[in-house]
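Work through the exercises below with the sequence and the structure side by side. Try each task before you read its solution.

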Protein chains: 2
Amino acid sequence: MTDRAMQEPTLLLLTALADEPRHGYAIAREVESISGGRVKMRTGTLYGALERLLQQGLIEVHKEEVVDSRLRRTYTLTAPGRTALAAEAERIAATAREATRRLGATGKAATA
Amino acid sequence: MTDRAMQEPTLLLLTALADEPRHGYAIAREVESISGGRVKMRTGTLYGALERLLQQGLIEVHKEEVVDSRLRRTYTLTAPGRTALAAEAERIAATAREATRRLGATGKAATA
DNA sequence: TCAGCATATGCCGGTGAATGACATATGGTG
DNA sequence: CACCATATGTCATTCACCGGCATATGCTGA
């Protein structure tokens with residue numbers, strides 16, 4: 001990771017895990033729900049991201065259980081994951097505020 | 001998919017143009033300023049993004065002048081560009097809010 | 001009965017934005 | 001005159017995301 005900013009799918013994935021542990025497919029549905037149906041996470045993105053986030057230590061396996069003779073892994077945020085998500089949310093919120101502020105500045109009175 | 005969510009450098013670039021027209025190098029400095037020195041836009045990213053955004057019609061050449069016998073292009077947001085930036089800001093702000101809300105929810109075990 | 005869908009996990013080739021390094025040119029400062 | 005800020009640009013590489021495919025189970029309905 002070359003310190004590149006987190007993209008939307010990843011951010012939504014972490015957000016989906018922020019309130020309670022979820023397994024892969026449940027994350028995908030939750031992401032779609034959070035984004036108002038806008039972001040439909042592909043399984044390639046999903047499991048790739050999970051693998052990456054595990055290695056980065058932002059998430060961890062919460063539980064492994066066998067359901068219908070198939071392994072189901074449930075993931076949860078780690079403490080660094082919570083911190084990273086909070087920082088990321090703060091950062092993009094600040095950018096969004098600045099964008100909105102500047103748009104308002106010329107869109108209106110300033111006419112300069 | 002060209003529908004892919006805008007990344008941070010691009011978002012900051014548009015934000016840098018939101019209050020007034022700027023030329024390339026000025027955008028780079030402004031982006032660094034907006035992000036609190038966190039994002040130092042490489043020229044590869046910068047001019048590549050400018051080219052892309054021009055083709056997408058989100059920005060346009062505002063003025064072309066010769067300074068020190070060199071061409072300097074000044075860019076500005078188009079109407080679709082302003083709309084796109086506003087929509088993007090709205091969208092990421094909503095995601096940030098949701099992330100923050102969920103982090104707060106379990107951090108205190110729903111104490112409210 | 002079995003086709004089709006939701007559930008569920010996972011792989012892989014391709015795309016494209018961002019990175020990092022390089023190239024070039026001018027004007028001002030130590 | 002070396003060096004830095006200013007200023008614009010190219011290009012190979014990297015890597016997250018996309019889209020499609022594979023696989024497997026349980027349920028529902030024609």
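The exercises go from the fold of one chain to its partners, and the model is a predicted one.

**Exercise 1. The fold of chain A**

Task: Find how many helices and strands chain A has, and give their pattern along the sequence.

Solution: 
- Step 1. Count the elements. Chain A holds 4 helices and 3 strands.
- Step 2. The pattern reads α-β-α-α-β-β-α.
- Step 3. Check the spread. The globule rule gives 13 Å for 112 residues, but the radius of gyration of chain A is 17 Å, so chain A is more spread out than a compact globule.
- Step 4. The C-alpha trace of chain A spans about 70 × 30 × 25 Å along its principal axes.
- Step 5. Look at burial. Of the 112 residues in chain A, 29% are buried.

**Exercise 2. The sheet**

Task: Work out in which order the strands of chain A form their sheet, and which strands are at its edges.

Solution: 
- Step 1. Set the order. The 3 strands make an open sheet, β1-β3-β2, with antiparallel pairing.
- Step 2. Find the edges. β1 (22-23) and β2 (59-67) of chain A each pair on one side only, which makes them the edge strands.
- Step 3. Take the pair β1(A) and β3(A). They are joined by 2 bridges and run antiparallel. A:His23 has A:Thr74 as its bridge partner in β3(A).
- Step 4. Take the pair β2(A) and β3(A). Here 8 bridges connect the strands in the antiparallel sense. A:Glu64 sits opposite A:Arg73, and A:Glu60 has A:Thr76 as its bridge partner.
- Step 5. Inspect the turn. β2(A) and β3(A) form a hairpin with 2 residues between them, and A:Asp68 in the turn has a positive phi of about 55°.
- Step 6. Turn to chain B. β2 (residues 59-67) and β3(B) pair antiparallel over 8 bridges. B:Glu60 stands opposite B:Thr76. These two strands also form a hairpin with 2 residues between them, with B:Asp68 in the turn at a positive phi of about 55°.

**Exercise 3. The nonpolar core**

Task: Which residues have the most contacts inside the largest nonpolar core?

Solution: 
- Step 1. In soluble globular proteins, nonpolar side chains tend to be buried together.
- Step 2. Read off the core. It has 50 residues, and those with the most contacts inside it are A:Leu14, A:Leu17, A:Val31, B:Leu14, B:Leu17 and B:Val31.
- Step 3. Assign elements. α1, α2, β3 and α4 of chain A each give two or more residues to this core, and so do α1, α2, β3 and α4 of chain B.
- Step 4. Follow one residue. Leaving aside neighbours within four places, A:Val31 contacts A:Leu12, A:Leu13, A:Ala16, A:Val39 and A:Met41.

**Exercise 4. The partners**

Task: Describe the side of chain B that touches chain A, then the surface near DNA strand C.

Solution: 
- Step 1. Count the chain contacts. 25 residues of chain B meet 25 residues of chain A.
- Step 2. Find the main source. α4(B) gives the largest share of the chain B side, 15 residues.
- Step 3. Sort that side by type. It divides into 14 nonpolar, 5 polar and 6 charged residues.
- Step 4. Move to the DNA. DNA strand C is surrounded by 25 residues, the closest being A:Gly24, A:Tyr25, A:Gly44, B:Gln7 and B:Gly44.
- Step 5. Name the top contributor. α3(B) gives the most to this surface, with 6 residues.
- Step 6. Sort the DNA surface. It has 6 nonpolar, 13 polar and 6 charged residues.

Methods. Residues are numbered from 1 along each chain as its sequence is written. Chains are lettered from A and ligands numbered from 1 in the order in which they are written. This is a predicted model: local features need pLDDT of at least 70, side-chain atom pairs count only at pLDDT 80 or more; totals for chains, interfaces and linings use all residues. The radius of gyration is taken over C-alpha atoms; the globule rule is 2.2 Å times the number of residues to the power 0.38. A residue is buried if 20 or more other C-beta atoms lie within 10 Å of its own, exposed if 12 or fewer, and partly exposed in between; C-beta atoms are placed from the backbone. Two strands pair if DSSP finds at least two bridges between them. A residue is near a molecule or strand if its C-beta atom, placed from the backbone, lies within 6 Å of it. Ala, Val, Leu, Ile, Met, Phe, Trp, Tyr, Cys and Pro count as nonpolar, Asp, Glu, Lys and Arg as charged, and the others, Gly among them, as polar. Two residues are in contact if their C-beta atoms, placed from the backbone, lie within 7 Å. A nonpolar core is a set of buried Ala, Val, Leu, Ile, Met, Phe, Trp, Tyr and Cys residues joined through C-beta atoms within 7 Å.
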